[in-house]
Each structure stands twice: as structure tokens, then as C-alpha cells.
Amino acid sequence: MDTTQLLKGVLDLAVLAVIRDADGYGYDVLRRLRGSGLADVGDASVYGTLRRLYQAGCLTSYVVPSEEGPHRKYYGITDAGRLQLAESTKIWAGFARTMDDLLRGEAVA
């Protein structure tokens, strides 16, 4: 199964979950997602998601100087982002439960 199509539908949720407990810059968020098992996530998709969530008011940002290269733009979650994360988590849990039931043959009428 091609997981890239699955990722498109849940990347906002995954990014919000990664930033929930600790702010991060683009590459850091990408590294954390891949480290969590989402190995197929693309860097352009993550950067685009960060920009979109920021424009929607779900993320805040600030710039931190770096001694190793260019300044880094960090993202943190806002109250609106936490609300979206909570709502999307409930939707995901219901969807995953339904798919699990279908795949086990328990939800077929």
C-alpha cells in the first residue's frame, strides 16, 4: 500500500501532534515525524503544512539565530491549534476504529 496518499489526509494532525509538547523548526519537525515511523513524509509536504497551519492560526512562529548556519524559524502550537488537534484526534480515533473493525470483518452488515 502506498502510504503517501494516507499521509496527505493526516499530515496536519501529525504535525500538530509533533509540535504539541515542544516547539520545532522545519527540519526538526520533519526529523521527528520520520523518527516516529512516518518515513515516507516529504520535506516539501512538511514545510507546506507548517505554512498552512501558521496561516490558519494554529501555529505561532519566531526566529532563533543559529551558530551553525542560517537563522531557524521555530513553530509552536496555539490554543486554536490545540483545539484542532483535539478535534482531529477524536475524528482519527473513530476512523481508525471503523477501519480496524472492517478489516477484521466485524463491521460488515
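In this predicted model, the axes of helix α1 (residues 3–19) and helix α3 (residues 43–55) come within 10 Å of each other and cross at roughly 80°. Here an axis is a line fitted to C-alpha atoms, for helices over the stretch in contact, with angles running from 0 to 180 degrees between N-to-C directions; helices (H or I, at least four residues) and strands (E, at least two) are DSSP runs numbered from the N terminus.

Which residues of α1 and α3 meet? On the α1 side they are L11, D12, V15, L16 and I19, and on the α3 side S45, V46, T49, L50, R52 and L53, where contact means heavy atoms within 4.5 Å. By class, seven of these residues are nonpolar, two polar and two charged.

L33 touches L11, A14, V15, V18, L38, V41 and V46, leaving aside residues up to four places away in sequence.

An unreviewed UniProt entry places the feature "domain: Transcription regulator PadR N-terminal" at residues 15–87. Over residues 15–87 the chain is 51% helix and 19% strand.

Residues are numbered from 1 along each chain as its sequence is written. Local features need pLDDT of at least 70, side-chain atom pairs count only at pLDDT 80 or more, and totals for chains, interfaces and linings use all residues, while side-chain values use heavy atoms, without hydrogens and water.

Key:
Ala, Val, Leu, Ile, Met, Phe, Trp, Tyr, Cys and Pro count as nonpolar, Asp, Glu, Lys and Arg as charged, and the others, Gly among them, as polar. UniProt positions are given in the numbering used here, feature names are shortened, and annotations may be inferred rather than shown by experiment.
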